[in-house]
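Reader: Could you walk me through this model and tell me what stands behind the words used for it?
Author: Gladly; here it is.

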Amino acid sequence: MIPSTRPPLPPFSEETAKVKVKAAEDAWNTRDPERVAGAYTEDSVWRNRDEFIRGRAEIMRFLERKWAIELGYRLRKSLWAFTDRRIAVRFQYEWQDRAGQWFRSYGNELWEFADNGLMRRREASINDVAIDADERRFASPTWANDELPLR
């Protein structure tokens, strides 16, 4: 069951914006489309790279496709900026394709929230960089707490 509210609620402070970012990071790292989609309004709109998505059902289908391709997905997000109901984040994630090639994806997201704390808009710009297995940043036991460098 999807909750009718998702604290923290707007307006955001720096502290509550960071809580929202960490909650999103934790949810996406489960790779559970239903859990992730539950953070968005029923009519949420997305732009993910060159794909435009509308509504929770489309979000779930998108995430199912994504994680069928992006194997071993591990994500880190950090707060970039915030206003009363908007949050900007930068993120990096690593994943492997079916041929065994590793990638690090770099991106920025713009989020807008409804009064109930569910996200009603998400815009993501993402670039993928092929990396060797020994360049992986998110492979150590402490990967979720390690520093998140630009490169």
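Predicted model: local features only at pLDDT ≥ 70, side-chain atom pairs only at ≥ 80, totals over all residues.

Reader: How do you know that the radius of gyration agrees with a compact globule?
Author: For 151 residues, a compact globule would have a radius of gyration near 15 Å, and the chain has 15 Å, so the two agree. Along the principal axes, the C-alpha atoms fill a box of roughly 45 × 30 × 25 Å.

Reader: Why is R31 called partly exposed?
Author: The label "buried" needs under 20% relative accessible area and "exposed" needs over 50%. R31 has 37% relative accessibility, so it counts as partly exposed. This arginine sits in the loop between helix 1 and helix 2.

Reader: And what makes R49 partly exposed?
Author: The reasoning uses those cut-offs again: R49 has 27% relative accessibility, which lies between 20% and 50%, and therefore counts as partly exposed. R49 is placed in the loop between strand 1 and strand 2 (51-54).

Reader: What is there to say about phi at R31 and at R49?
Author: R31 is not a glycine, yet its phi is positive, at about 55°. R49 is not a glycine either, and its phi is about 60°, again positive.

Reader: Which peptide bonds are cis, between P7 and P8 and between P10 and P11, and where do they lie?
Author: The bond joining P7 and P8 is cis, with omega about -5°, and the one from P10 to P11 is cis with omega near 5°.

Reader: What makes up the largest nonpolar core?
Author: It has 28 residues, of which W28, W46, L63, I87 and W111 touch the most other members. Elements giving two or more residues to this core include helix 1 (14-30), helix 3 (56-69) and strand 5 (102-113). Leaving aside neighbours within four places in sequence, L63 is in contact with W28, P33, V36, A37 and W46. Contact here asks for heavy atoms within 4.5 Å.

Reader: How much of the chain counts as buried?
Author: Of its 151 residues, 41% do. The chain exposes about 8400 Å², with carbon and sulfur atoms supplying 51% of that area.

Terms used:
Residues numbered from 1 in each chain as written. Heavy atoms only, no water. Rg over C-alpha atoms; globule rule 2.2 N^0.38 Å. Buried < 20%, exposed > 50% of the residue type's maximum accessible area, 1.4 Å probe, protein only. Areas by Shrake-Rupley, 256 points an atom, 1.4 Å probe, with all protein chains shown as cover. Core = buried A, V, L, I, M, F, W, Y, C linked by side-chain atoms within 4.5 Å. Helix = DSSP H or I, 4+ residues; strand = E, 2+ residues; numbered from the N terminus.
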